[in-house]
Amino acid sequence: MRFTLNVQKLDNPYRVAYNRILKHYGAGSYPQEPRDEDDHWTVPVGVHIQSRVIDEKTETERVFTFNLTNIGKIIIKKSTMTIERAPSLASIGRSILQKRAEIRQAVEKDLIKVLGEPEVKVKFEALKFAQTGLQPIYRTINRLLLQDYPTYLELEEIGRHYLEQVALVVNLGYAKFTEDQPSKLVSTNKLMELYSQMRNIEETTDAVLGLVIANYYYELLKDMRIAQFVPYVRASTSYYGDAVQFGKLISISKRRLRDNVREYYRGAPMPTRVRFAYPTIIRELVDANILEYDGDYITGKETIFERLIDLRNTFPMTEQPYGL
Amino acid sequence: MIDLPKKISATGNDCLVASVLMVCMYWRKSRQSPRWNIADNLDDQEWDKVYQKGLGYVKMSGMPTNNIKWFLNTLNFPLDSRLELVEDTRQLTNLLSLNIPPIVIYDRDYLIRSVHGIGHAVVLVDKTEEMFVSIDPSLHPKYVYKLPKTDFEEAWKFKQNATVIIYPKSYKIRHREIPSTTLQKWM
């Protein structure tokens, strides 16, 4: 059989770019407004990415579309209206992951700050594995509150890593080195004020640790290579990221939370030596007052959620209609 | 009306794979030929495997239409595929009259809410004076969705009238290129 089809001539940059996009990237992508630049057109590429959030307890699903712009650009020669340069599919994929990482980091940064607020009362001591990496801070605050003041030399002898973490507490103003010799690490009025509010050593230590993490999480991770806190942050970010997107606290199974972490942190490998069982992470996050059990499901804390919900307005997303 | 012998449910970026497979199944049933190397029974597990294989061609930004060609080639189906930015809905009517079910990519968000969104693929199976009848993989178990013609035209135009045509290799398509009416704007 032979038949004739009338097709649109590829004689404008928008159409040329869209033809390329559909053939090479897919219908999720789209050309943005072409820019006139000397002898060529530059057409930035955007992409719509769908994201589903499910509240398993109420069996409610909401589908959101993220609109990520400028993930690549197609250069079209004016004289021939042909493509001179266009990103590869792999490059488009990398740009999408990068844009998603930016959104994820916004949630992660805000969550870390919220967890560090003393009013939220996170019990960091319950995060056993994280404690192993942050022992210098735990021990130092404990000693200071028991009025056991170590000398600078003593701390230096334990190791540089120890002194580096102590320096973070000093930077926050909760401890200081005396000027007389031998120089000693002593508590400041700020630490004693915190102690008088908290009224016990454990809670004061937790509060200082929270503030250290809130202020120096990325320095701890990148400069000091203390990664033990990462699985906890990733699990909580994945939960609260979805809850913020959904607009209210959701209840999900442990299995879904694990899958969410994998999806949420796609393209961001976990540092080595910090892969361990999700049931343990979740139990400890519940003990630390970051998450909560809701029967067989996991849910979040209202105090944390209400501090994060404003982030929702900054997400480049629209909600899809579901059901026609 | 074209009768698609089996409907496949899909969400998100998988709508194009589901549409492609539904059209392949249609051709399998309507064009009996020894060149088919897959079961005539559409409930056979082989078809499930084909669908799963198709999902492997879906990327984060959707399924590139070039991948449909490669997908059909790896399956050795006696079918070919093309992406066409067709002139208007008359071309769709022509295809339907030739019993070729076109897969159209349109902006469903725009059709429903006047907000731009992801390109959505559906198979057209019929047309009336005012409607196009589509089989929409995302609408399990109903599948049939009638698209008001004028609204559809507008939403489809945002995707440059993109149409994927899957047809037997023995068919020959000739093109007549229609220049853009807004050519002046780009000179």
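Predicted model: local features only at pLDDT ≥ 70, side-chain atom pairs only at ≥ 80, totals over all residues.
User: What is the mean pLDDT of chain B?
Analyst: pLDDT is the predictor's confidence in each residue, from 0 to 100. For chain B the mean is 93, and 96% of its residues reach 70 or more. The model has ipTM 0.94 and pTM 0.82.

User: Why is α2(A) called roughly perpendicular to α9(A)?
Analyst: Axes are lines fitted to C-alpha atoms, for helices over the stretch in contact, and angles run from 0 to 180 degrees between N-to-C directions. Helix α2 (residues 89–115) and helix α9 (residues 230–246) of chain A pack at about 110°, with axes 9 Å apart. Angles under 35 degrees count as roughly parallel, over 145 as roughly antiparallel, 65 to 115 as roughly perpendicular and the rest as oblique. Therefore α2(A) is roughly perpendicular to α9(A).

User: Which residues make that contact?
Analyst: Residues are in contact if their C-beta atoms, placed from the backbone, lie within 7 Å. Among them are Leu111(A) and Ile112(A) of α2(A), and Tyr240(A) and Val244(A) of α9(A). By class, six are nonpolar, three polar and two charged (Ala, Val, Leu, Ile, Met, Phe, Trp, Tyr, Cys and Pro are nonpolar; Asp, Glu, Lys and Arg charged; the others, Gly among them, polar).

User: What makes β1 of chain A and β7(B) a strand pair?
Analyst: Helices (H or I, at least four residues) and strands (E, at least two) are DSSP runs, numbered from the N terminus. Two strands pair if DSSP finds at least two bridges between them. Seven bridges join β1 (residues 2–8) of chain A to β7(B), and the two run parallel; Asn6(A) has Arg176(B) as its bridge partner.

User: How many residues does each chain give to the contact, and which element of chain B has the largest share?
Analyst: Chain B gives 45 residues and chain A gives 36. On the side of chain B that touches chain A, β7(B) has the largest share, seven residues.

User: Why are β1 and β5 of chain B called edge strands?
Analyst: The open sheet runs β1-β6-β2-β3-β4-β5 (chain B), with antiparallel pairing. Each of β1 and β5 (144–148) pairs on one side only.

Methods
Residues numbered from 1 in each chain as written. Chains lettered and ligands numbered in written order. Contact = placed C-beta atoms within 7 Å.
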